[in-house]
Structure formats: structure tokens, C-alpha cells
Amino acid sequence: MTAATARLAALLAVLLAAWPLPALAGDGAVEDPFAAFDAEARALILSHGPWPPPAGADAGNRLSGDPTAIALGAHLFGLRALSRQGLFSCADCHDPASGFDDGLALGAARPLPGAAEQGGVLDRNTPGLWDARFQRWFGWGGASDSLWAASLRAMTAPREMAATPTEIRAALAADPQAARGFAELSGAAPADLPAEEAMVLSAKAIAAYLETLVSPRTPFDAFRDALARGDRAAGRAYPAAARRGLALFAGAGRCSLCHFGPAFSNGEFADIGIPFFLPGGGVDKGRYGGIQELRASPYSLAGRFNDDASRRNAWATEGVVLEHRNFGEFQVPSLRGLGATGPYMHDGSLPDLEAVARHYSELDMERLHADGEAILRPLHLTGGEIADLVAFLRSLDPIGAGPPQE
Amino acid sequence: MANGAALAGRVLAALAVLMPALPGAAADGCRFADGGAPAGRFSAGGQDYLYRFDPPRLAVARRFSVEVQACAPEPSALIGVDARMPAHRHGMNYRPRLEAVSATGWRAEGLMLHMPGAWRFLFRIDGPSGGTEAAIDRQLP
């Protein structure tokens with residue numbers, strides 16, 4: 001071998017080592033990562049992106065997008081003084097280190113007056129806050145129609161932070177950082193404003209902070225964008241199990257009917273057969289109760305605290321229909337970052353994603369309303385299909401948060 | 001001169017053929033007041049109506065409006081616009097607000113189709129012999 005031939009051979013070896021070898025199907029042919037998806041499925045997959053989607057300011061919140069408000073909101077989010085007796089901050093239940101969730105089946109409750117020392121638990125699972133800004137309604141029953149109203153609801157709910165407007169104003173005035181930020185935003189010290197105005201403004205600052213919680217891109221997003229580009233090499237980086245799970249999700253499972261769009265939620269409500277009887281008696285009225293509460297609230301977009309003078313943003317609040325089928329309906333949550341927010345469902349009754357997949361596999365059709373939607377049916381999944389569906393759902397976790405397994 | 005008349009005749013004939021295909025125009029002259037293109041046409045109670053969406057392209061879980069234009073000068077009134085998914089046995093989660101924008105035109109605000117699939121729009125007309133309904137099917141997206 002001449003020196004030139006040897007150099008050529010060495011160069012070829014380096015090039016071959018660096019060249020990304022295409023994945024091979026069982027018969028040795030190059031695998032097409034998009035082959036399992038027909039035109040309809042591809043359109044659905046593409047509709048789940050791109051991520052993140054564009055997001056404008058919230059017309060109903062004059063503090064939306066304001067850097068001072070965002071900084072103040074981040075501070076208030078962790079301020080226990082905003083709750084009665086300083087028991088809870090927002091971050092105590094919506095832990096930033098845990099997907100803005102608490103990792104519990106049911107949220108922690110504060111003691112009610114005259115009740116035992118321990119507060120026990122709330123009736124519902126604590127929802128995570130990533131990507132909340134892309135929802136139309138807030139809370140499992142959708143009792144709030146804006147992020148600021150949802151924040152205010154938690155601050156004042158008797159079994160949650162339970163603060164009164166006067167207590168909130170006092171807490172703002174007593175905390176130097178809060179008072180400074182508040183004065184910068186409103187031009188007045190908290191103590192100089194009516195208590196209700198101060199309370200609403202603090203909720204709007206928290207909402208401005210919550211709007212910044214947009215989850216990072218995921219392995220699914222990389223696959224979706226590869227499909228959009230027709231980039232098969234990039235598509236092959238998405239594990240086969242996740243691809244099979246995605247085919248189930250968008251195909252036979254019909255999950256995309258409700259978990260639609262870039263945030264994997266159509267922003268509405270559905271009855272998926274989770275029991276709504278409460279352990280201590282009574283029922284969780286779900287969306288039915290949410291609409292009732294919304295209509296009774298002075299802090300909805302139909303009220304005077306909506307900063308959108310045109311009221312165009314109040315269309316859903318004013319037009320939402322209350323029907324019997326709303327009993328048992330709960331919010332269709334986003335599926336992004338799901339791995340960090342278990343247990344699952346409004347009552348936290350499903351401990352992990354395998355249990356979620358099994359729930360849809362073995363749906364109790366007797367539990368669903370006879371006059372409700374005719375969408376769900378038991379999927380009768382095999383063990384392998386359940387694993388595939390879970391692999392897909394885990395591919396909606398941020399890149400690096402635990403990549404989907406083969 | 002004769003050639004000129006023949007040419008003008010051919011141009012007019014061509015225009016007559018083309019007119020219905022132009023945006024906003026219909027063979028019977030029925031059109032929206034602003035000349036904008038309709039999305040379609042329906043008949044109810046023996047009368048014809050044009051409809052269109054605002055924004056024109058429907059999307060899942062996005063608010064939109066429906067505009068309806070009667071073709072008759074003294075039409076029966078549009079009294080309701082709704083949409084349902086017959087296969088899923090549900091309708092919209094919101095009741096649109098309907099208002100007359102002219103003697104022959106209406107606008108329904110606040111519609112939202114919350115799932116992809118086959119939707120059926122229902123236009124209710126208060127006809128001379130009672131209420132009547134026209135259905136238009138639409139696949140989303």
C-alpha cells in the first residue's frame with residue numbers, strides 16, 4: 001500500500017465512522033420513520049406544533065408582558081404572607097421543581113374554622129402550571145376565565161390560601177419588595193388603594209409571571225418538525241416505541257380529538273369516566289360547578305376588572321352553555337411535561353402514566369353519561385401498546401428530562 | 001363595424017360565463033353587501049342565503065363568526081346559527097350571539113368548534129309556515 005493509498009483509506013475510515021448510519025428495518029432496508037402515518041395522521045401530528053406557538057399579551061390584564069409585573073409576580077408567587085396566617089404560598093403547592101405541581105394525589109388543604117388541626121386534603125389534584133397561558137379556562141372545572149382570576153381564586157378560597165382583600169393588601173404593604181414593585185406598577189402604595197383593587201392587581205402580577213411558564217421543546221417537537229421538513233434522518237432519532245404510541249394516540253385512540261393542537265388540549269372539558277363522587281359524600285360537579293361559579297364571580301371577564309375595554313375577550317364567558325352533561329366533565333389538560341405532574345386526573349386517582357393508559361384501555365362505559373358525548377370506547381390495548389403509548393407521552397417531557405425509552 | 005359588434009358580443013358572453021366564478025358574485029346576482037366571497041349557499045323555506053366565516057379559514061378551538069346574507073329583498077329572518085358533531089352526539093360549548101346587520105343580513109358571533117372532524121352547521125329560518133332549518137356539513141380541519 002502506498003502512502004497515498006493509506007491516507008485515502010484512513011480518510012475513508014474517518015468519514016465512515018462519522019457518517020450517521022440509517023436505522024435498518026428488520027429486512028435490512030432503510031427505515032422510514034414516517035411510514036406508519038397516513039395523510040390524516042400526518043396532518044394531526046403537524047397540528048401539534050410548532051412549539052412554542054406565538055402568544056400575544058392578555059388584553060384582560062394590563063400587566064401582561066410587563067417586566068416589572070413579571071418580577072413582582074414571581075416574588076408574590078413565593079410569598080406565604082399572601083395567605084391567612086402565612087400558611088401557604090402559591091409555590092408551596094405549585095412547586096417549580098416539580099412541574100409547578102405538588103406530586104400529591106390531592107392538594108393540601110388548610111384547616112377550616114372549627115375543624116381539626118390538620119387541614120387534610122382538597123377534593124382535587126393540583127394542576128401543573130406549565131403552559132397554562134394557552135388554556136381558555138383555568139382549574140379542573142374551569143371556574144376561572146383568566147390566569148389572574150384563577151390566581152385570585154386560589155388566594156381567597158377558604159380551603160386554600162383563604163386570605164381576604166384586606167389581608168392581602170396588608171401583606172403587600174408589609175413586604176418591602178412587594179410594596180416597591182406594587183408602587184412602581186400602580187403609582188401608589190398598596191395601603192393607598194382600596195383593598196379589592198390591591199388584591200386584583202397582585203393577582204394580575206402573578207398572572208403576568210405565570211404567562212412566562214412556557215415549557216421547553218420536547219423529543220416529540222423534534223420529530224414533528226422533522227416530519228414537516230420531510231427529514232427522515234432526523235425523524236429516525238425519535239424512538240420507535242414513541243412513534244408507535246403516537247400512531248395510537250392520533251389514530252385508533254382518537255386522543256387528538258380533545259388533546260388537540262400545540263398544547264395538546266382543545267381548552268375544553270370532557271367526561272372520561274373518572275368517578276366524581278367525593279370520599280366524604282357529595283359529588284364534584286366538575287364543569288357544571290365551574291360554570292356556576294364563573295357566573296357568580298365578580299372577577300370574571302364579564303366583570304369590571306377586565307382590562308379589555310372592548311370586552312371582546314369575554315365572548316366565551318358570556319356565551320358558555322350550562323348543560324346537564326357538564327356533570328362529570330373536567331378540563332382537558334395539556335400533556336406537555338406530563339412526566340413531572342403525576343398522579344393524574346382531577347382526583348389524582350391514577351398514580352402513573354401506565355395507569356392512565358390502562359384507564360383508557362378498560363373504560364367503564366356504564367359510568368359515562370348516556371346523554372353525553374359518543375366519543376370514548378375501551379381501547380383494549382395490549383401490554384406492548386400501553387408501553388408504546390407511555391413512551392409517546394414521555395416524549396412530551398422536555399428534552400433532557402428523561403428521554404423516551406425504546 | 002360588424003366585426004367589432006361580434007367581438008363585443010363574444011366578450012360579453014365570456015363575461016357572463018365567468019361572472020359566477022368571480023369572488024362575491026352569483027348567477028342570480030346574490031352577494032354580500034361588501035362584495036366579499038361567500039363560503040357557500042343554502043336554501044331554507046324556499047329562499048336562498050349566502051354564508052361566510054370570519055376569519056374565512058376555520059380552525060379547531062378558535063373563535064369565529066358566521067355572516068349570512070339573504071338573496072331575497074324581503075327574506076324570512078334568520079333566527080339561529082348552531083353547529084353539531086352528529087357522530088359524536090354533541091354540539092358547541094358556546095351559544096353564539098345573533099344580530100341583524102341589515103334588512104337582509106345577519107352576523108352570529110362567538111362560535112367555536114372544539115374538535116377536529118365532521119361538523120354540521122344549522123341555520124334556522126323563521127319561515128312563513130313556521131321554523132325551518134338548513135344544514136351545511138363541514139370537515140375540520
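## A tour of chains A and B

Start in chain B: select β6(B) and β7(B), which form a hairpin with four residues between them. Strands here are DSSP runs (E, at least two residues), and helices are DSSP runs too (H or I, at least four), numbered from the N terminus. This is a predicted model, in which local features need pLDDT of at least 70 and side-chain atom pairs count only at pLDDT 80 or more, while totals for chains, interfaces and linings use all residues. Residues are numbered from 1 along each chain as its sequence is written, chains are lettered from A and ligands numbered from 1 in the order in which they are written, and side-chain values use heavy atoms, leaving out hydrogens and water.

Stop 1: β6(B) and β7(B) pair in the antiparallel sense over four bridges; two strands pair if DSSP finds at least two bridges between them. Select R97(B). Opposite this residue stands E109(B) in β7(B).

**Stop 2: the next strand.** Select β3 (residues 63–70) of chain B. It pairs with β7 (residues 105–112) of chain B, antiparallel, over six bridges. Pick out V66(B), which stands opposite A108(B) in β7(B).

**Stop 3: the whole sheet.** Now show all five strands. They form an open, antiparallel sheet in the order β1-β2-β3-β7-β6 of chain B. β1 (40–44) and β6 (97–100) of chain B are at the edges, each with a single partner strand, so one side of each has no neighbour in the sheet. On average, neighbouring strands are turned by 25° against each other, direction ignored.

**Stop 4: the interface.** Select both chains. 23 residues of chain A contact 17 residues of chain B, contact meaning heavy atoms within 4.5 Å. The area buried between chain A and chain B is about 1,900 Å², with carbon and sulfur atoms giving 54%. Buried area is the accessible area (1.4 Å probe) that two parts lose on being put together, summed over both. Between chain A and chain B there are zero salt bridges. Such a bridge is a side-chain nitrogen of Lys or Arg within 4 Å of a carboxyl oxygen of Asp or Glu.

**Stop 5: a salt bridge in chain A.** Over all chains, the count comes to 28 salt bridges. Select R153(A) and E293(A): they form one, with the closest N and O atoms 2.6 Å apart. The pair links distant parts of the chain, 140 residues apart: R153(A) lies in helix α5 (residues 147–156) of chain A, and E293(A) in helix α12 (residues 287–296) of chain A.

Definitions and conventions
Axes are lines fitted to C-alpha atoms, for helices over the stretch in contact, and angles run from 0 to 180 degrees between N-to-C directions.
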